[in-house]
Amino acid sequence: GRGRFVMLPFEPEDGYWESSDGRLLIREAAIHAALGSALVWLQTPLASVQDGETAQAVLHLRDHQPPAAEDAGARRVTVELRLEGQVINSRTMPVGSNDLDTSIRFPGASTPGLYALTATYLRGDHVVEVHETGFWRRDESVLASGSFLGVGSTYLRRGDRPFIPIGVNMWVNDTAWPFFPSNANALEWDRDFAEMADRGLNFVRTGIWFSRDLLIDRATRTAREEVLRNMEAMFLTAGRHGMQVQFVFFSFEPQTSMRGGSGILGPGRNPYTDPVAVDSQAAFVRSIVARFKDVPYVSWDLINEPSFSNPGAIFSGNQPNNDPTEIDAWNEWLRKRYGTTRELAEVWGGIPADFRSQAIAAGMPEIDNPPIAGVSLPSPNDLGLDRRATLGQVRAFDYNLFAQDMFSHWAAELVEAIRST
């Protein structure tokens, strides 16, 4: 069967469990655990509602316990809508089966601001499960508040004052689906940001770590509208509490759009050197920046903890992907750095004839000292800590310089995409 754990997240004082309060808490926790597992949650299709749109939520219920005879006609869900602590809508819906999915509209939620929603599932007199969330009716004054970050000689500036960011990584604290930006919970953000502001924190770092494939329109590779609304709900809540937000577009490498198992790669053959891949990434980035470019307190971060360039070998230093686009970029980089096969052989300690043969086989003219071409990427052994051969060691040194240049070029392309909006 399906059981239920009841967590009591506090440190009691000595003797508490022997007190009447402690014994009562244990009894109530045991009664609640005996109710069995059930899940109720409210999904907000648009976590930030704009002018002309009606706020709505989808109520979901999954009850894994067969109803007791005395509860068969008394199972119900109450949904309460509040604005700034005042109840503006409340309704009760009977539950006739163990599964429920129904849409609820809130035409009265027309004033700009943060709305709180609570769903409570009851069997008879027993509260079985509760879910709380929230949504925004867009408040343009909040989105226009705050200041842009600037850069001083050795520090950041916010407005005309030095700014020291003190904060945390933050996604979404939601009991039903704790993944952002595929989900939003403006009420929990409001509580978290209020506590952070009270403790003197002023900075939130958030973004996309694992599941970009769930966030995009497959045809255009741009962010879906509901994703943009989830982001807006977070930004509105952060602005309400004076938080500066740094949003990260990619993590580890920018091509994998879904991690886990064998993973899912986006278009292209290399995250950094294939124009097809970079164009797809730029389309995604532009779709987000275009929506929020005028929000002063939101800044952009291209990538978290990047690895170059093999998406299957992250956290392993610079590792070649060995695809045609990277091989072409590598040889072009070598030509710009060394020019001809003879110069490359001299620096790498190789045999000039070998590099000449590779260049001619790759299509260079059959002359004594042709331009560099056909040079293979370093092997994993060349890049490992146990490398000893001079040729491998120098090749690895150059590959690391190449990786830095290619990453810088990739970053410049995405910065250009951001500034084009």
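## Helix pair α7 and α8

A crossing is left-handed if the near helix is turned anticlockwise from the far one by less than a right angle, and right-handed if clockwise. By that rule, α7 and α8 make a right-handed crossing. Helices here are DSSP runs of H or I with at least four residues, strands are E runs of at least two, and both are numbered from the N terminus.

The axes of α7 (residues 341-348) and α8 (residues 352-361) come within 8 Å and cross at roughly 135°. Those axes are lines fitted to C-alpha atoms, for helices over the stretch in contact, with angles from 0 to 180 degrees between N-to-C directions. So α7 is oblique to α8 (under 35 degrees is roughly parallel, over 145 roughly antiparallel, 65 to 115 roughly perpendicular, the rest oblique).

Where they touch (heavy atoms within 4.5 Å), Thr341, Leu344, Ala345 and Trp348 of α7 meet Pro352, Phe355, Arg356 and Ala359 of α8.

## About the model

The model is predicted, so local features need pLDDT of at least 70 and side-chain atom pairs 80 or more, while totals for chains, interfaces and linings use all residues. Numbering starts from 1 along each chain as its sequence is written, and side-chain values use heavy atoms, leaving out hydrogens and water.

## The sheet

Three strands form an open sheet, ordered β1-β3-β6 with antiparallel pairing (a pair takes at least two DSSP bridges). β1 (38-43) and β6 (99-106) are the edges with a single partner strand each, so one side of each has no neighbour in the sheet.

Eight bridges link β3 (residues 55-63) to β6; Leu61 has Leu100 in β6 as its bridge partner.
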